[in-house]
Amino acid sequence: MTSIGAKGEAPHILLAPDSFKGSLTAREVAEAMAEGVSRAYPSAQLTLVPIADGGEGTLDAIATSTNARWLSAVVTTASGQPKQGRFLALPDGTAVVECAEAVGLPEALRSGVDVWHRKTAGVGEMIRHALETGHRRIAVALGGSATNDAGVGMLAALGVRFLDDADQDVPPVPAEFHRVVRVDVSGLDERLRGAEMLAVCDVDNPLAGENGATTVFGPQKGVSTHDVSHLDAALTHIAALCEAAFGRKAADLPGAGAAGGLGFALYLLGATRVSGIDFVLDAVGFDHALERAALVLTGEGRTDAQSARGKAVAGVARRAKARGVPVFCISGAIGPGAEQMYEHGVSAMFSIAPGPISLDEAVANATSLLASATENAVRAWLAGRAGKP
């Protein structure tokens, strides 16, 4: 959390944006907003609190506003390559693992490895390293994964074995799930027994079926229309064997389908589901910063109907609304259904596009466009406050 600006009686403005994915990080968005505010209101007191909703960028957002420590570990990417991964150790002792950091989509797409052969081993390796460094409360941020393996790769990395009819180990990837006839949990890392696991996500999809991981999220990871039903059946098969081995039903729980089924595997380990945006807002001390705010500026790459379903901006607006603080949302684009955000507490919405503009132009000039849009928004707010103390 960063506070800048003059001290005195000038109203306090809280900047709490999400990233403009593919263009600007949440911190860069906050800094561009700060530039816009300073043009319209040089004496304003500003607090910058970059945020995320539990997906990609969660670690960076939390690290920016807290005294969390970065820890690193060599882990396996979704495509099977080693990489130096990072996770956070919060001041309260919680380790925060971001699945996008370990098994993110960009690396997998570059590798050319298809979804049938991607695995979540890297997430399990990150959890194991957190256990090795003494953490007994581990939050896994589910979002931005390239995988659709029901978390089987993660479970394998933590000691679970997947066996065929000859009692031989089967590779923990969806292409091989049909060969698995038994799941052996006797080798599961014993340190998990005393650990508190959190599944940080806002989606409520079950593991399988028409609203499950494969049907809803599979296509964006490269699952073809023809393969959706086959991959969904593979997850249903392996899930039944896992539930029998763990003695716990998890496939139909809300959030089991998060991150290609990683939510399901975490539930098997006894994880509790927590809201992604609420977890981040609590971690960065948002409520404390909100106490002094006369205005909140937030934003994201695109605000539309999806934004109201547990996204970062909706979480910010709900908390600000509860305290009677107006919220301006400044986004890369305003799409269909964005009006739903008014019900969550957003007071006004602004697009950074000054007129007809291509996506490439918007991305290339995002910083300057964002600063200008913020300046205009703050000038409008100041006009509305004219004559007020």
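Contact is taken here to mean heavy atoms within 4.5 Å. The structure is a predicted model, in which local features need pLDDT of at least 70 and side-chain atom pairs count only at pLDDT 80 or more, while totals for chains, interfaces and linings use all residues. Residues are numbered from 1 along each chain as its sequence is written, and side-chain values use heavy atoms, with hydrogens and water left out.

We may begin with the overall architecture. The protein chain holds 15 helices and 14 strands, these being DSSP runs numbered from the N terminus (H or I over at least four residues for helices, E over at least two for strands). Its radius of gyration is 22 Å, close to the 21 Å that the globule rule gives for 389 residues, so the chain is as compact as a globular protein of that length. The radius is taken over C-alpha atoms, and the rule is 2.2 Å times the number of residues to the power 0.38. Along the principal axes, the C-alpha trace spans about 80 × 45 × 35 Å. Of the contacts with a separation of 6 or more, 73% join residues 24 or more positions apart.

Turning to burial, 55% of the 389 residues count as buried (under 20% relative accessible area, with exposed over 50% and partly exposed in between; 1.4 Å probe, protein chains only). The accessible surface comes to about 15900 Å², and carbon and sulfur atoms hold 50% of that area, as computed by the Shrake-Rupley method with a 1.4 Å probe. Helix α2 (residues 58-65) is mostly covered, with six of its eight residues buried; these are T58, L59, A61, I62, A63 and S65.

A nonpolar core is a set of buried Ala, Val, Leu, Ile, Met, Phe, Trp, Tyr and Cys residues joined through side-chain atoms within 4.5 Å. The largest such core has 63 residues, among which I127, M154, L155 and F264 touch the most other members. Helix α8 (residues 225-246) supplies the largest share of this core, eight residues. A second, separate core of 38 residues includes F286, L290, A320 and A338. In soluble globular proteins, nonpolar side chains tend to be buried together.

Leaving aside neighbours within four places in sequence, F264 is in contact with A150, L207, A239, C242, E243, A250, A251 and A256. A150 itself lies in the loop between β7 (137-141) and α6 (152-157), and it counts as buried because its relative accessibility is 0%. The phi of A150 is near 60°, a positive value in a residue other than glycine. A259 likewise has a positive phi, near 55°; A259 sits in the loop between α8 and α9 (262-268) and is buried at 11% relative accessibility.

Two further positions bring together parts of the chain that are separated in sequence. A121, in helix α5 (residues 121-132), is buried at 9% relative accessibility. Not counting residues up to four places away in sequence, A121 touches T76, G153, M154 and A157. A121 and V173 are 52 residues apart in sequence, with their C-alpha atoms 9.8 Å apart. G159, in the loop between α6 and β8 (161-163), is partly exposed at 23% relative accessibility. With the sequence neighbours up to four places away again set aside, G159 touches D184, G187 and L188. The C-alpha atoms of G159 and L188 are 4.3 Å apart, across 29 residues of sequence.
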